[in-house]
Amino acid sequence: MEIERAVRGSGDARLRAKYDAAVHTIRRALALYPFEELAFSFNGGKDSTVLLHLLRAGYYLHKATSSGHVDITVHHAVQNCPMRTIYFEHPNTFPEIDSFTYETASTYGLPLETIRTDYKSGIEALLKEKPTKAIFLGTRNGDPNAVGQQQFSPSSPDWPPFMRVNPILDWSYRYTSIGSIHNTVPNELLRDGSGGYKPAYKLSDGGLVRAGRAKKAGKKNASVNGRNNNEPGQRSRL
(Lines give C-alpha, C1' and ligand atoms only; values in the text may rest on other atoms or scores of the structure.)
Protein backbone atom coordinates (compact mmCIF):
# COMPACT_ATOMS: atom_id res chain seq x y z
CA MET A 1 0.00 0.00 0.00
CA GLU A 2 1.76 3.12 -1.23
CA ILE A 3 0.93 5.45 1.68
CA GLU A 4 1.96 3.00 4.37
CA ARG A 5 5.12 2.15 2.44
CA ALA A 6 6.07 5.81 1.95
CA VAL A 7 5.56 6.74 5.61
CA ARG A 8 7.48 3.73 6.87
CA GLY A 9 10.34 4.68 4.56
CA SER A 10 10.39 8.28 5.74
CA GLY A 11 13.19 9.54 7.97
CA ASP A 12 10.80 11.99 9.64
CA ALA A 13 10.00 10.50 13.04
CA ARG A 14 7.47 13.24 13.81
CA LEU A 15 5.55 12.48 10.61
CA ARG A 16 5.50 8.78 11.41
CA ALA A 17 4.19 9.48 14.91
CA LYS A 18 1.41 11.76 13.61
CA TYR A 19 0.52 9.22 10.94
CA ASP A 20 0.42 6.34 13.42
CA ALA A 21 -1.84 8.27 15.80
CA ALA A 22 -4.23 9.28 13.01
CA VAL A 23 -4.41 5.78 11.56
CA HIS A 24 -4.96 4.36 15.06
CA THR A 25 -7.99 6.66 15.46
CA ILE A 26 -9.34 5.55 12.08
CA ARG A 27 -8.85 1.86 12.82
CA ARG A 28 -10.47 2.31 16.23
CA ALA A 29 -13.55 3.84 14.58
CA LEU A 30 -13.66 1.01 12.02
CA ALA A 31 -13.61 -1.47 14.89
CA LEU A 32 -16.27 0.34 16.92
CA TYR A 33 -18.87 1.05 14.23
CA PRO A 34 -20.34 -0.97 11.37
CA PHE A 35 -18.76 0.22 8.12
CA GLU A 36 -22.14 1.01 6.59
CA GLU A 37 -22.88 3.36 9.52
CA LEU A 38 -19.77 5.47 8.97
CA ALA A 39 -19.47 8.52 6.72
CA PHE A 40 -16.68 10.81 5.53
CA SER A 41 -17.22 14.56 5.08
CA PHE A 42 -15.12 15.59 2.07
CA ASN A 43 -14.94 19.15 0.72
CA GLY A 44 -11.87 19.05 -1.52
CA GLY A 45 -9.81 21.10 0.94
CA LYS A 46 -6.33 20.29 2.18
CA ASP A 47 -7.45 18.84 5.49
CA SER A 48 -10.08 16.52 4.08
CA THR A 49 -7.74 15.44 1.26
CA VAL A 50 -5.10 14.44 3.79
CA LEU A 51 -7.81 12.62 5.72
CA LEU A 52 -8.94 10.81 2.57
CA HIS A 53 -5.52 9.23 2.14
CA LEU A 54 -5.24 8.41 5.83
CA LEU A 55 -8.64 6.71 5.57
CA ARG A 56 -7.36 4.67 2.64
CA ALA A 57 -4.36 3.57 4.70
CA GLY A 58 -6.40 2.88 7.82
CA TYR A 59 -9.01 0.91 5.91
CA TYR A 60 -6.30 -1.11 4.14
CA LEU A 61 -4.60 -1.99 7.44
CA HIS A 62 -7.94 -2.75 9.11
CA LYS A 63 -8.93 -5.16 6.32
CA ALA A 64 -5.47 -6.69 6.09
CA THR A 65 -5.26 -7.27 9.84
CA SER A 66 -8.75 -8.80 9.83
CA SER A 67 -7.60 -11.26 7.19
CA GLY A 68 -4.41 -12.03 9.11
CA HIS A 69 -2.09 -10.82 6.32
CA VAL A 70 -0.42 -7.41 6.03
CA ASP A 71 1.89 -6.79 3.08
CA ILE A 72 2.58 -3.11 2.44
CA THR A 73 4.53 -3.87 -0.74
CA VAL A 74 1.59 -5.14 -2.78
CA HIS A 75 -1.13 -3.22 -4.57
CA HIS A 76 -4.54 -4.39 -3.45
CA ALA A 77 -8.17 -3.61 -4.18
CA VAL A 78 -8.70 -2.23 -0.69
CA GLN A 79 -6.36 0.68 -1.39
CA ASN A 80 -9.60 2.56 -1.92
CA CYS A 81 -11.97 3.13 0.98
CA PRO A 82 -15.56 2.88 -0.34
CA MET A 83 -17.03 4.76 2.61
CA ARG A 84 -20.18 6.83 2.26
CA THR A 85 -18.85 10.27 1.38
CA ILE A 86 -20.77 13.53 1.69
CA TYR A 87 -19.97 16.78 -0.10
CA PHE A 88 -21.78 20.01 0.70
CA GLU A 89 -21.82 21.80 -2.63
CA HIS A 90 -22.29 25.56 -2.47
CA PRO A 91 -22.81 28.02 -5.35
CA ASN A 92 -20.03 30.24 -3.98
CA THR A 93 -17.39 27.51 -4.08
CA PHE A 94 -14.52 28.02 -6.51
CA PRO A 95 -15.28 25.85 -9.57
CA GLU A 96 -11.78 24.40 -9.38
CA ILE A 97 -12.58 23.00 -5.93
CA ASP A 98 -15.82 21.47 -7.18
CA SER A 99 -13.91 19.87 -10.06
CA PHE A 100 -11.17 18.58 -7.79
CA THR A 101 -13.72 17.12 -5.38
CA TYR A 102 -15.59 15.18 -8.06
CA GLU A 103 -12.43 14.06 -9.84
CA THR A 104 -10.88 12.86 -6.58
CA ALA A 105 -14.04 10.96 -5.63
CA SER A 106 -13.97 9.24 -9.02
CA THR A 107 -10.26 8.44 -8.83
CA TYR A 108 -10.46 6.86 -5.39
CA GLY A 109 -13.83 5.16 -5.71
CA LEU A 110 -15.68 7.29 -3.17
CA PRO A 111 -19.48 6.84 -3.25
CA LEU A 112 -20.06 10.59 -3.20
CA GLU A 113 -23.37 12.08 -2.13
CA THR A 114 -23.79 15.77 -2.96
CA ILE A 115 -25.84 17.86 -0.54
CA ARG A 116 -27.02 21.35 -1.46
CA THR A 117 -28.38 22.61 1.85
CA ASP A 118 -26.73 24.14 4.88
CA TYR A 119 -24.60 21.78 6.91
CA LYS A 120 -26.95 21.19 9.83
CA SER A 121 -30.00 20.54 7.64
CA GLY A 122 -27.93 18.25 5.46
CA ILE A 123 -26.71 16.22 8.42
CA GLU A 124 -30.27 15.92 9.76
CA ALA A 125 -31.46 14.60 6.41
CA LEU A 126 -28.45 12.29 6.13
CA LEU A 127 -29.14 10.66 9.48
CA LYS A 128 -32.86 10.26 8.72
CA GLU A 129 -32.14 8.66 5.37
CA LYS A 130 -29.67 6.09 6.63
CA PRO A 131 -28.39 5.22 10.12
CA THR A 132 -25.05 6.99 10.58
CA LYS A 133 -23.25 6.55 13.88
CA ALA A 134 -20.04 8.47 13.16
CA ILE A 135 -18.63 10.94 10.65
CA PHE A 136 -14.94 11.40 9.85
CA LEU A 137 -14.02 15.09 9.76
CA GLY A 138 -10.86 16.99 8.85
CA THR A 139 -11.11 19.27 11.88
CA ARG A 140 -7.82 20.52 13.32
CA ASN A 141 -6.95 22.40 16.50
CA GLY A 142 -7.07 26.06 15.58
CA ASP A 143 -10.23 25.70 13.49
CA PRO A 144 -13.08 27.87 14.81
CA ASN A 145 -15.17 24.83 15.76
CA ALA A 146 -12.38 22.72 17.25
CA VAL A 147 -12.47 24.07 20.82
CA GLY A 148 -12.99 21.28 23.31
CA GLN A 149 -12.96 18.50 20.73
CA GLN A 150 -11.03 15.25 21.01
CA GLN A 151 -10.37 12.49 18.48
CA PHE A 152 -13.84 11.17 19.34
CA SER A 153 -16.36 13.86 20.26
CA PRO A 154 -20.16 13.64 20.31
CA SER A 155 -21.95 16.24 18.20
CA SER A 156 -23.06 19.46 19.88
CA PRO A 157 -26.29 19.32 21.95
CA ASP A 158 -28.41 21.17 19.36
CA TRP A 159 -27.27 18.90 16.51
CA PRO A 160 -28.45 15.43 15.49
CA PRO A 161 -26.62 12.78 17.56
CA PHE A 162 -23.54 11.24 16.00
CA MET A 163 -19.86 10.82 16.85
CA ARG A 164 -17.37 13.24 15.33
CA VAL A 165 -14.17 11.39 14.49
CA ASN A 166 -11.18 13.75 14.16
CA PRO A 167 -8.04 11.79 13.17
CA ILE A 168 -5.96 14.89 12.29
CA LEU A 169 -7.05 17.09 15.18
CA ASP A 170 -3.47 17.71 16.32
CA TRP A 171 -1.96 18.11 12.84
CA SER A 172 -0.71 21.49 11.69
CA TYR A 173 0.25 23.14 8.41
CA ARG A 174 1.39 26.46 7.01
CA TYR A 175 -0.67 26.53 3.81
CA THR A 176 -2.85 29.54 3.20
CA SER A 177 -6.58 28.79 3.41
CA ILE A 178 -9.26 29.12 0.73
CA GLY A 179 -12.85 30.05 1.54
CA SER A 180 -15.53 31.00 -0.99
CA ILE A 181 -15.41 33.21 -4.06
CA HIS A 182 -16.83 36.04 -1.93
CA ASN A 183 -14.41 36.01 0.98
CA THR A 184 -11.09 34.84 -0.45
CA VAL A 185 -8.41 37.19 -1.77
CA PRO A 186 -4.71 36.53 -2.40
CA ASN A 187 -2.80 36.28 0.86
CA GLU A 188 -0.58 39.36 0.97
CA LEU A 189 1.94 37.45 3.09
CA LEU A 190 2.75 35.37 0.01
CA ARG A 191 3.75 38.26 -2.27
CA ASP A 192 6.97 37.38 -4.06
CA GLY A 193 8.22 40.95 -4.67
CA SER A 194 7.65 40.84 -8.41
CA GLY A 195 3.90 41.40 -8.44
CA GLY A 196 3.02 37.73 -8.08
CA TYR A 197 2.47 35.30 -5.24
CA LYS A 198 4.45 32.38 -3.91
CA PRO A 199 2.86 28.91 -3.63
CA ALA A 200 0.54 28.45 -0.63
CA TYR A 201 2.94 26.08 1.14
CA LYS A 202 5.51 28.90 1.38
CA LEU A 203 3.50 30.63 4.12
CA SER A 204 5.87 30.70 7.09
CA ASP A 205 3.45 31.47 9.94
CA GLY A 206 0.84 28.75 10.51
CA GLY A 207 -1.29 31.17 12.53
CA LEU A 208 -1.95 33.27 9.43
CA VAL A 209 -3.48 30.65 7.15
CA ARG A 210 -6.73 32.65 6.98
CA ALA A 211 -5.08 36.00 6.25
CA GLY A 212 -6.55 35.77 2.75
CA ARG A 213 -10.10 35.56 4.08
CA ALA A 214 -10.89 39.25 3.53
CA LYS A 215 -14.33 40.20 2.25
CA LYS A 216 -14.34 41.57 -1.25
CA ALA A 217 -15.81 45.01 -1.78
CA GLY A 218 -19.56 45.01 -2.29
CA LYS A 219 -20.12 41.62 -0.69
CA LYS A 220 -21.97 41.56 2.60
CA ASN A 221 -22.34 38.24 4.35
CA ALA A 222 -23.36 37.44 7.91
CA SER A 223 -20.44 35.57 9.37
CA VAL A 224 -19.46 33.41 12.28
CA ASN A 225 -15.83 33.66 13.37
CA GLY A 226 -15.07 35.55 10.19
CA ARG A 227 -16.67 32.95 7.92
CA ASN A 228 -20.08 33.01 6.31
CA ASN A 229 -22.37 30.55 8.07
CA ASN A 230 -23.40 29.08 4.74
CA GLU A 231 -20.03 29.29 3.01
CA PRO A 232 -18.07 26.24 1.84
CA GLY A 233 -16.14 24.64 4.64
CA GLN A 234 -18.20 26.22 7.43
CA ARG A 235 -18.96 23.59 10.04
CA SER A 236 -20.74 25.83 12.58
CA ARG A 237 -20.75 24.05 15.96
CA LEU A 238 -21.38 20.51 14.61
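Glu37 is located in the loop between α2 and β1; helices (H or I, at least four residues) and strands (E, at least two) are DSSP runs, numbered from the N terminus. This is a predicted model, in which local features need pLDDT of at least 70 and side-chain atom pairs count only at pLDDT 80 or more, while totals for chains, interfaces and linings use all residues. Residues are numbered from 1 along each chain as its sequence is written, and side-chain values use heavy atoms, with hydrogens and water left out.

With a relative accessibility of 16%, Glu37 counts as buried (buried means under 20% relative accessible area, exposed over 50%, partly exposed in between; 1.4 Å probe, protein chains only). Leaving aside residues up to four places away in sequence, Glu37 touches Pro131, Thr132, Lys133 and Ala134, where contact means heavy atoms within 4.5 Å.

Rings of Phe, Tyr and Trp (its six-membered ring) pair if their centres lie within 6.5 Å; planes under 30 degrees apart count as stacked, over 60 as edge-to-face and the rest as tilted.

| Pair | Centre to centre | Angle between planes | Class |
|---|---|---|---|
| Phe35 and Tyr59 | 5.1 Å | 35° | tilted |
| Tyr119 and Trp159 | 6.2 Å | 55° | tilted |

Phe35 lies in the loop between α2 (13-32) and β1 (38-41) and Tyr59 in helix α3 (residues 46-67), so their pair ties together parts 24 residues apart in sequence. Phe35 is partly exposed, at 25% relative accessible area, whereas Tyr59 is buried at 9% relative accessibility.

Tyr119, in helix α5 (residues 119-129), and Trp159, in the loop between β5 (152-154) and β6 (163-165), link distant parts of the chain, 40 residues apart. Both Tyr119 and Trp159 are buried. Together with Phe88, Tyr119 and Trp159 form one aromatic cluster.
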